[in-house]
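Colleague: Could we go through this model together? I would like to begin with the sheet and then turn to the aromatic rings.

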Amino acid sequence: MRKASALTRFVASGIAVAALLGGCGQTPTAIPDSGVPSPVQAAAAGAYQAGRGDPIGLPAGSVYSNPASGRDEVVVPDMRHTALLIGDSQSEPTDGWPRLGLAAVGYKVHFCGLGGTGFVASNGKTGNYIDALERGDWKLPYGTPALIVIQGGGNDAARGATDAQIVANADRLIGVLRDRYPGARMAMIGTLARGANYGGGRRTQVDALLGTVAARYGVPFVGVGDWLSKYNLAKNLADAVHMDAAGRRSLGGLLETRLRQLGLEGPALDGTVPATASALTPAD
C-alpha cells in the first residue's frame with residue numbers, strides 16, 4: 001500500500017483548511033487583481049492553508065475546524081453585520097425575496113440551504129435543514145451572526161410532512177442554533193401562500209403551524225401564508241410557488257416593512273443593536 005501523501009495527512013489532521021464550499025448556495029470567487037487565490041483556486045491547486053491563530057485571517061469561504069466547538073465552520077467576513085439565512089428555493093437566488101428584505105434593513109446575507117428542502121423535506125442531494133446541518137451537507141459560519149433567520153415550509157407542505165414531523169425537526173434545529181450561537185437574535189419566516197379562503201391549502205396551514213413554534217420559543221415570526229392574496233401578488237407567480245422578478249422585489253419590500261415593525265433592523269456600523277430590537281413581537 002502506498003504511503004499517504006503529505007496533503008492527505010494534512011487534511012486528516014482536522015485543522016482549518018481552505019476548501020470549496022458545498023451546499024450553502026454560495027460559490028466563492030476570486031477578488032480581481034488581488035493576487036490572492038480564491039478558495040476555489042486554492043482547492044484546485046491543492047494549496048490548503050493551516051488556520052494558526054485568528055481564523056478571520058483566512059480567506060472568505062475557508063473551512064475552519066473550531067477547537068472550541070469541535071465543528072467545521074465557514075469563514076465569513078463581517079459577521080457582526082451578517083444575517084445567517086437558512087431556507088429553500090425562495091431564499092436561494094441572490095435576488096430571492098427573503099434576501100432582498102434582509103438587505104434592505106441593513107444586513108449582508110450568508111445563505112445555508114438548498115431548493116427542495118425544508119424542516120422535513122430533502123431533495124436527494126442534501127438533507128432537510130437539521131439533517132443537512134448535522135451531517136455536514138452545509139456548514140454554519142464561524143462567529144456570531146447579527147441575526148439568524150429560518151425560512152421555509154413549502155416543500156414540507158408539498159410532500160405531505162405531518163405537523164408532528166415539522167414541529168419535531170423545527171425544535172431540533174432551533175435547539176442546535178441556540179446552542180451554537182448563544183444569545184444570537186433569531187427570527188422565522190413562514191410559508192409563502194395564498195390565504196386560507198383563496199386556495200392556500202396545506203401551505204397556509206404549515207405557515208400557521210410554524211407561527212406557533214416561533215411563539216413557543218419567543219422568536220419573532222413573519223407569517224406569509226396569505227401574502228399572495230392579501231397583496232394581490234398571485235399575478236407575479238412564475239410557476240405554482242415561485243415569484244417572477246417583480247414579485248420578488250414586491251415581497252422583499254413587504255418583508256422589509258415587517259422586519260422594521262419587529263425591530264429587526266441590522267446593527268449600526270459600530271456593531272450596536274438598535275434599541276427597538278429589545279421590544280419584539282412574537283407573532284405576525
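Modeller: The answers below take the sheet and then the aromatic pairs. This is a predicted model, in which local features need pLDDT of at least 70, side-chain atom pairs count only at pLDDT 80 or more, and totals for chains, interfaces and linings use all residues. Residues are numbered from 1 along each chain as its sequence is written, and side-chain values use heavy atoms, with hydrogens and water left out.

Colleague: What is the strand order in the open sheet?

Modeller: The five strands run S4-S3-S5-S6-S7 with parallel pairing; strands are DSSP E runs of at least two residues, helices H or I runs of at least four, numbered from the N terminus, and pairing requires at least two bridges found by DSSP. Strands S4 (108-113) and S7 (221-222) are the edges, each pairing on one side only.

Colleague: How many bridges join S3 and S4?

Modeller: Six bridges join S4 to S3 (residues 82-87), and Gly-87 has Gly-113 in S4 as its bridge partner.

Colleague: Changing topic, how many aromatic pairs are there?

Modeller: The structure has three (ring centres within 6.5 Å; planes under 30 degrees apart are stacked, over 60 edge-to-face, the rest tilted; the six-membered ring is used for Trp). One of them is Tyr-64 with Tyr-142, edge-to-face at 5.4 Å centre to centre and 75° between the planes.

Colleague: Is Tyr-64 buried or exposed?

Modeller: Tyr-64 is buried at 8% relative accessible area, whereas Tyr-142 is partly exposed at 22%. Buried means under 20%, exposed over 50%, and partly exposed in between, with a 1.4 Å probe and protein chains only.
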